[in-house]
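Keep the structure open as you read.

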Amino acid sequence: MQGRPAPGAPRPVGIDELLERVRAGYRRIGPSEAAEAAEAGALLVDIRYAALRDRDGAIPGALVVERNELEWRLDPWGSHRAPEAVGHDLPIIVVCNEGYASSLAVASLRQLGLRRATDLTGGFQAWRAAGLPVVPPPDA
């Protein structure tokens, strides 16, 4: 049985409202703009899990960091950071499968001070549908 929130506790929100709130804090980008940004030095970060990469392929040059490791790998001050995590001003484009989980991931990265983090609207599926380069899955 669900109880009432404690006095002063934030009211519960649904995932659609949470996504709307999170996305209001930054500008998302589409596939073509993401490709251009990557060419100019932005870091594409693919947070899809292995089964999706094995099924659909990958974006060439993207750093693969599964979602559960993201903050540790991209925190420029972290002891487990990826070599690519060179500073808080690094432009980062987070890519998930369809552009939902990446928005929540961006919110978390921005809390770490990665103020230029954004995500790809439509995720990997939009990238592929736009005809941008994809490394085929291993068994293709």
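A nonpolar core here is a set of buried Ala, Val, Leu, Ile, Met, Phe, Trp, Tyr and Cys residues joined through side-chain atoms within 4.5 Å. What you're looking at is a predicted model, and its largest nonpolar core has 20 residues. Within that set, Val45, Ile47, Leu70, Leu74, Ile92, Val94 and Leu109 touch the most other members. Strand 1 (43-46), helix 4 (70-74), strand 3 (92-95) and helix 5 (101-111) are the elements that give two or more residues to this core. Helix 5 is the top contributor, with three residues. There's also a second, separate core of 13 residues, and Ile29, Ala62, Phe124 and Trp127 are among its members. As background, nonpolar side chains in soluble globular proteins tend to be buried together.

Start at the strand 2 end: strand 1 and strand 2 pair over two bridges, and aspartate 46 has valine 64 of strand 2 as its bridge partner. Moving across, strand 1 is joined to strand 3 by four bridges, with valine 45 partnered by valine 94 in strand 3. Carry on and you meet three bridges between strand 3 and strand 4, where valine 94 has aspartate 119 of strand 4 as its bridge partner.

Which side chains of strand 1 lie on each of its two faces? Leu43 and Val45 are on one side, Leu44 and Asp46 are on the other, and all of them are buried, so both faces of the strand are covered.

Take leucine 109: leaving aside neighbours within four places in sequence, its contacts are Leu70, Glu71, Leu74, Ile92, Val94, Leu114 and Ala117. Is serine 108 buried or exposed? Serine 108 counts as buried because its relative accessible area is 17%, and the cut-off for buried is under 20%. Not counting residues up to four places away in sequence, serine 108 touches Arg67 and Glu71. Just after helix 5, glycine 113 takes a positive phi of about 95°.

Finally, the surface. Val13, Ile15, Leu18 and Leu104 form a nonpolar patch there, with about 280 Å² of accessible area together. One of these, leucine 18, belongs to helix 1 (residues 15-23). With a relative accessible area of 33%, leucine 18 is partly exposed. Over in helix 6 (residues 123-129) you'll find alanine 129, which counts as exposed because its relative accessibility is 71%, and exposed means over 50%. Alanine 129 and proline 31 are 98 residues apart along the chain, yet their C-alpha atoms are separated by 9.0 Å.

Notes: Residues are numbered from 1 along each chain as its sequence is written. This is a predicted model: local features need pLDDT of at least 70, side-chain atom pairs count only at pLDDT 80 or more; totals for chains, interfaces and linings use all residues. Side-chain values use heavy atoms; hydrogens and water are left out. Patches are made of residues with over 30% relative accessible area and no salt bridge: like charges are joined within 9 Å, nonpolar side chains (Val, Leu, Ile, Met, Phe, Trp, Tyr) within 5 Å. Accessible areas come from the Shrake-Rupley method with a 1.4 Å probe; for residues, only the protein chains shown count as cover. A salt bridge is a side-chain nitrogen of Lys or Arg within 4 Å of a carboxyl oxygen of Asp or Glu. Buried means under 20% relative accessible area, exposed over 50%, partly exposed in between (1.4 Å probe, protein chains only). Contact means heavy atoms within 4.5 Å. Two strands pair if DSSP finds at least two bridges between them.
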